[in-house]
Amino acid sequence: MPAPSPSRPQVSNEQARRLFLDRHGLSRPPNKESSVSARLQSTIQNLGFVQIDSINTVARAHHMILRSRLGTYRENQLKRLYEKDRQLFEHWTHDASFIPMEFFPHWKHKFTRDKERLSGRWERWQQHDFQQKFQDVLHQIAQHGPATSGDVGKDEPRSKGGWWEWHPSKTALEFLWRTGALSVTGRDGFKKVYDLTENVVPDHILTRKPELEETIAFACQMALDRLGFATSGELAAFLDLITPNEAKTWALAAEARGEIQAVDILDCDGRSRTSYMRPLTLQTMETLPNPPGKVRILSPFDPMLRDRKRAMRLFDFDYKIEVFVPEPLRTYGYYVFPVLEGSRMIGRIDMRANRKDGSLNVIAYWPERGIRASKARDLSLEKELYRLARFCQLTTLSFKKDWQRETR
């Protein structure tokens, strides 16, 4: 890592955290002046994407992400924006995500690259020739309409094995989606429903074909605006549309043009990391708002925590999801939620929604190092838990006897 340079501006850790939280929609109260649909669309646009995940111990990740930024958000609002209004499409960034529909043309280069990259890999992975099913799947959807994986290849044996063991037609569906011939038109429960892309993406968006250089610039500029500051590697990783070398080439050229500049970002341990920032962003650092002191419970897949290394550097928050860790080896729990207060990560909480008895059950709460217990903080956490329970349409809140744990 390059040493700090007296010629580069230095951004303090507190300034970096405030900027990062502001760009992630966690520094300002929700805008209540516009319509619910407009606020939801604006929030997703400002984030760039919202990651989708199936785990539903309390609420699914995409709903938790939006709920933490929009106090009046309800799950059916996302479904309408996605499936009826067609303001979003579903595809991969670093993982499956809801993405603003206007960004769709820039995924076309990703479709081409994934087609070349995944063909042989998926054949070796699934151990069958799924490509022989492409025409059958496309013909069925063209003739009979949208389909789930259960609607295709009905004569093919279904695996009783793992989650990722797909029958040939299911693999064909996924491949055709990953490479652009099909799009996800909606969800049946949590099961993807596929349709021909021309039936899902509006014509004026579908016909647009940006050059690769335009997509590189889009990916880098979008990432920088949403991260506030970033290395070229972080710019490439944000949407995973372009390669690190493409992002590095863009950054060097943009710096030479004066569009971005190198700055030193101070980590929580006092070390610095050289990153890029827009000059205007640097000029307005002093006007950044102080994040509200209220406690917010975040999704484990919240975009502010997607880059675990950045979360560690900025917030001294060492976080990982232990879903795939054997229970005896877990430090905390199966699916533990991060807790934010102001510009600090103050703890993590293990909880479950018991929908049979209408209760949100709090199992354990671990404060971070240096976070002192207080009546005000406990009350703020309890209020957030009640808000979350109401969001999940649960009527009661219960606490395990030993739920308040020691710092680990």
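A residue counts as buried when its relative accessible area is under 20%. The term is used in the legends below, which describe close-up views of a predicted model.

**Figure 1. Strand 11 and its two partner strands.** Strand 11 covers residues 344–354, and eight of its eleven residues are buried, so the strand is mostly covered by the definition above. On one side of the pairing scheme is strand 10 (residues 336–341), which runs antiparallel to strand 11 and is joined to it by six bridges. One of the residues to look for is valine 339, whose bridge partner in strand 11 is glycine 347. Strand 11 also pairs with strand 12 (residues 359–367), again in the antiparallel sense, over eight bridges. Here asparagine 354 stands opposite serine 359 of strand 12. In a regular strand the side chains alternate between the two faces of the sheet.

**Figure 2. The two hairpin turns beside strand 11.** Strand 10 and strand 11 form a hairpin with two residues between them. Glycine 342 is in this turn and has a positive phi of about 60°. The hairpin of strand 11 and strand 12 has four residues between the strands. In that hairpin, glycine 358 takes a positive phi near 70°.

**Figure 3. The largest cavity.** Searching the whole structure gives three cavities of 30 Å³ or more. The largest cavity holds about 50 Å³ of space. Its lining consists of Phe89, Glu90, His91, Phe104, Phe111, Trp177, Gly180, Leu182, Ser183 and Val184. By class, six of these residues are nonpolar, three are polar and one is charged. Strand 3 (88–92) and strand 5 (182–188) each supply at least two residues of this lining.

**Figure 4. The second largest cavity.** The volume of the second largest cavity is about 40 Å³. Phe229, Ile265, Asp267, Arg273, Ser275, Arg310, Arg313 and Leu314 line this cavity. Two elements give two or more residues to the lining: strand 8 (272–277) and helix 13 (308–315). Helix 13 gives the most, with three residues. The lining of the second largest cavity divides into three nonpolar, one polar and four charged residues.

Figure 5. The whole structure contains 16 aromatic pairs. One of them is formed by phenylalanine 89 and phenylalanine 104, with 5.2 Å from centre to centre and 80° between the planes. Planes over 60 degrees apart count as edge-to-face, so this pair is edge-to-face. Phenylalanine 89 lies in strand 3, whereas phenylalanine 104 lies in the loop between strand 4 (96–100) and helix 5 (108–126); the pair therefore ties together parts that are 15 residues apart in sequence. Phenylalanine 89 and phenylalanine 104 are both buried. Ring pairs link Phe89, Phe104, Trp107 and Phe111 into a cluster.

Figure 6. Isoleucine 141 lies in helix 6 (residues 134–144). Is this residue buried or exposed? Isoleucine 141 has 2% relative accessibility, and the limit for buried is under 20%, so isoleucine 141 counts as buried. Leaving aside neighbours within four places in sequence, isoleucine 141 is in contact with Ala147, Leu173, Leu182, Tyr194, Asp195 and Leu196. Lysine 110 is 31 residues from isoleucine 141 in sequence, and the two are 23 Å apart in space, C-alpha to C-alpha.

How values were computed:
Residues are numbered from 1 along each chain as its sequence is written. Side-chain values use heavy atoms; hydrogens and water are left out. On a 1 Å grid over the protein atoms alone, a cavity is a set of points where a 1.4 Å probe fits but cannot get out, and a pocket is an open set with protein on both sides within 12 Å along at least five of seven lines; lining residues have an atom within 4 Å of a point. Grid points are joined across faces, edges and corners, and a volume is the space filled by probe spheres set on the points. Ala, Val, Leu, Ile, Met, Phe, Trp, Tyr, Cys and Pro count as nonpolar, Asp, Glu, Lys and Arg as charged, and the others, Gly among them, as polar. Buried means under 20% relative accessible area, exposed over 50%, partly exposed in between (1.4 Å probe, protein chains only). Contact means heavy atoms within 4.5 Å. Two strands pair if DSSP finds at least two bridges between them. Rings of Phe, Tyr and Trp (its six-membered ring) pair if their centres lie within 6.5 Å; planes under 30 degrees apart count as stacked, over 60 as edge-to-face and the rest as tilted.
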